[in-house]
Amino acid sequence: KSSPCRPTRRSPTAMPKSKRVKKVTLSKTKGKGYEGKTKSVDDVRACVEKYSSVYVYTAENMRNAPLKGIRAEWRDSRFFFGRTKQLAVALGRTTESEMRVGLSRVSEALLGREGGLLFTNRTREEVLQYFDAYLHYDYARAGFVATETQTLTEGPLERMAHSIEPYLRKLGLPTKLDCGVVTLLKNHTVCTAGEKLSADQAKLLQLLDVKLAQFKVSLRAAWTDDTFDALGGDMQ
C-alpha cells in the first residue's frame, strides 16, 4: 500500500492589512460635542443681534412636554435651556467680554440656576403677563416633597383595573379582588404633606391620577436696550 501523501508545509505569511483598519491619534481629534458647543454659542450671539430683549428664567419641576408647548406658542421668540455656563460665555461674563452693555449681569443672574434664556421682541408687559399666569400640573417624581396629604378610604377602587391588583399590593396598598373589583382593605395614607415621595408613592399617585407637581417658569431678570433689570425677589 502506498503511504498517504503528506501536506506540504508552507512558511507562515502575514495576512494582508485591511484598508479599513486605520490608526487614529485620539489627541488630535475633536469630539462631536465641540462643534455643538460652538454652534450654541454662535446661536446665542446671533439672538443678541436679532431680538430686542432677553430674559433669565428658571423652571420649577422641569418637564419637557409643557416647555415644548410654550415654545410652540412663542415661535417668534427663542428659548435656550440648560448649560448655563456655556450661555454665560456666549453673552460675556465680564464687562470687558460682554457683547452689549449689561449682558454680563445677565450672565451673573443665569449662573447657578436650573433655567435658561428667552430672547424675544415682545413687550415686557406681554412677557410678564403670560408667565405670571402660566401654571402646569404634572405627576410628582420620587424625591418630590408632597404639597398635600393624600389618603384613600377603605372600599372598592373602581377606577383600578383588576389586572393591576397584584402590582398595587407590591406598591404597598392593602388590596384584594372582590368579585373582580379592586378593593382597599383599610384606610391608607398614600403620602403626607412635607415628606419626600418614594418611588412607590410617586407611582401610586400617578395610577390614582393625582398631580402634585407644578411646572412653573419664573422670570428672574430682563435686559432691553443695554439696560438690566432684576425681576425676581432674590435678584435684588
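Mentor: Let's start with an idea we will need: two strands count as paired when DSSP finds at least two bridges between them. Keep in mind too that this is a predicted model.

Trainee: Thanks! Which residue in E10 is the bridge partner of tyrosine 137?

Mentor: That partner is glutamine 214. The bridge belongs to the pairing of strand E4, residues 136-138, with E10; three bridges join these strands, and they run antiparallel.

Trainee: How many bridges link strand E1 and strand E10?

Mentor: Eight bridges, again in the antiparallel sense, between E1 (residues 53-60) and E10 (residues 213-224). To see one of them, find tyrosine 57, whose bridge partner in E10 is leucine 219.

Trainee: And what do E10 and E11 form?

Mentor: They make a hairpin, with two residues between the strands. In that turn, aspartate 225 has a positive phi of about 50°. E11 covers residues 227-230, and four bridges join this strand to E10 in an antiparallel arrangement. As a landmark, look for tryptophan 223, which stands opposite phenylalanine 228 in E11.

Trainee: Let me try a single residue. Is serine 53 buried or exposed?

Mentor: For this step you need the cut-off: a residue is buried when its relative accessible area is under 20%. Serine 53 has 5%, so this residue is buried. You will find serine 53 in strand E1. The side chain of serine 53 makes a polar contact of 2.7 Å with the side chain of threonine 224. Setting aside residues up to four places away in sequence, serine 53 touches Leu118, Phe119, Thr120, Trp223 and Thr224.

Trainee: What is the strand order in the open sheet of three strands?

Mentor: The order is E6-E8-E7, with antiparallel pairing. E6 (155-156) and E7 are the edge strands, each pairing on one side only. Two bridges join E6 to E8, which spans residues 181-184. Here proline 156 stands opposite threonine 183 in E8.

Trainee: Where is threonine 175?

Mentor: Threonine 175 is in strand E7, residues 175-178. The relative accessible area of threonine 175 is 5%, so this residue counts as buried. The side chain of threonine 175 is joined to that of glutamate 165 by a polar contact of 2.8 Å. Apart from neighbours within four places in sequence, threonine 175 is in contact with several residues, including Leu157, Arg169, Val182 and Leu185.

Trainee: Which residues does leucine 207 touch?

Mentor: Not counting residues up to four places away in sequence, leucine 207 touches Met160, Tyr167, Leu168 and Leu171. Take methionine 160: this residue is 47 residues from leucine 207 along the chain, and their C-alpha atoms are 8.1 Å apart.

Terms used:
Residues are numbered from 1 along each chain as its sequence is written. This is a predicted model: local features need pLDDT of at least 70, side-chain atom pairs count only at pLDDT 80 or more; totals for chains, interfaces and linings use all residues. Side-chain values use heavy atoms; hydrogens and water are left out. Buried means under 20% relative accessible area, exposed over 50%, partly exposed in between (1.4 Å probe, protein chains only). A polar contact is a pair of N or O atoms within 3.5 Å; within protein, one must be able to donate a hydrogen and the other to accept it, and residues adjacent in sequence count only if both atoms are side-chain atoms. Contact means heavy atoms within 4.5 Å.
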